[in-house]
Amino acid sequence: MARKKDGKDLFEKYFHEEYQDRWPHLYHAMQADRQRYISITQDPELTYKALIGLTDHPAEGYHIDPASMEAVLALDIQKGDRVWDACAAPGGKALIILRILAGSGMLTVSDISSSRAHRLRRNLEQFGIYKNYEVNIGDMIEMQCPVFDKILLDAPCSSERHWIEKDMLDDWRVGRTRHLSVRQHALLCRAWDVLKPGGLLVYSTCSISKKENDGVIKQFLKKRNAVVKPSYHAEKSEYGTMILPDTHMGQGPIYFCVLEKPTI
Ligand SMILES: C[S@@+](CC[C@H](N)C(=O)[O-])C[C@H]1O[C@@H](n2cnc3c(N)ncnc32)[C@H](O)[C@@H]1O
């Protein structure tokens with residue numbers, strides 16, 4: 001059994017195998033402080049189109065990584081859509097969805113953690129501007145739901161950059177990413193079941209682990225009939241898009257894949 005202090009070595013070895021020559025650059029970029037944010041303020045004039053241009057780090061507002069916004073934009077939300085942000089706390093992506101809906105349609109947000117869901121509710125109240133949302137606390141797998149036009153599944157993941165920032169790598173284990181990929185697959189199947197035919201689902205994580213990204217989609221496609229929408233971003237993966245900090249001015253990591261439910 002690995003000793004506690006081996007976690008960092010296991011981490012480096014695991015991702016060196018995945019990313020080969022790129023790994024030292026990527027690891028270095030993940031250790032650097034984030035420089036670029038977009039800031040969602042209480043200004044109702046700040047539409048999501050205005051947000052796209054903002055990449056500085058102003059003091060006020062709710063800050064999110066610009067790469068996270070790409071995952072939301074990939075959902076192609078239209079005015080009037082009924083949207084589910086299934087793993088929504090603390091709410092950065094939900095705030096962008098609300099700006100896109102601009103008071104039309106309906107956003108349902110949910111989170112299994114009651115403390116995080118309370119934080120989510122506070123953030124929506126403070127920065128959401130619009131009120132066309134409902135907050136559900138609980139496991140998304142067991143939630144009674146209507147069908148949705150669009151679903152964002154920003155799944156719980158290994159979040160390696162966070163582990164680096166918090167200096168937690170001594171506790172890292174390969175089993176963690178394997179275990180999470182099984183859970184992510186179950187969450188994706190559940191979300192898919194309540195997506196309307198013709199609707200879009202974005203599966204996203206902030207993990208660099210291929211097992212939690214394309215690996216989950218690969219498993220999913222073995223069981224469900226879904227159309228993988230092509231990625232128009234520079235850095236494509238097998239099924240989706242990967243925005244990594246070494247090639248995107250410190251932004252990310254974020255992975256996302258857009259799935260369309262066939263109408264027949
Ligand atoms: C990556 S975070 C979401 C970040 C959020 N989308 C944002 O932009 O601020 C994943 C969230 O999923 C929640 N979660 C994990 N398992 C869940 C489940 N079974 N049902 C609902 N939420 C879940 C976690 O509590 C966590 O808040």
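Helices (H or I, at least four residues) and strands (E, at least two) are DSSP runs, numbered from the N terminus. The model is predicted: local features need pLDDT of at least 70, side-chain atom pairs count only at pLDDT 80 or more, and totals for chains, interfaces and linings use all residues. Residues are numbered from 1 along each chain as its sequence is written.

Around the ligand there are 18 residues, and C87, K93, I112, M140 and D154 come nearest; a residue is near a molecule if its C-beta atom, placed from the backbone, lies within 6 Å of it. At least two residues of this shell come from α5 (92–101), and at least two from β4 (106–111). By class, the shell has nine nonpolar, four polar and five charged residues. Here Ala, Val, Leu, Ile, Met, Phe, Trp, Tyr, Cys and Pro count as nonpolar, Asp, Glu, Lys and Arg as charged, and the others, Gly among them, as polar.

Helix α5 also packs against α4 (residues 66–73), at an angle of about 50 degrees and with the axes 10 Å apart. Axes are lines fitted to C-alpha atoms, for helices over the stretch in contact, and angles run from 0 to 180 degrees between N-to-C directions. The two helices, α4 and α5, are therefore oblique to each other; angles under 35 degrees count as roughly parallel, over 145 as roughly antiparallel, 65 to 115 as roughly perpendicular and the rest as oblique. The table lists the residues in contact (C-beta atoms, placed from the backbone, within 7 Å).

| Helix | Contact residues |
|---|---|
| α4 | S68, M69, A71, V72 |
| α5 | G92, K93, I96, I97 |

This contact of α4 with α5 has five nonpolar, two polar and one charged residues.

Just after α1, Q20 takes a positive phi of about 50 degrees.

Key:
Two residues are in contact if their C-beta atoms, placed from the backbone, lie within 7 Å.
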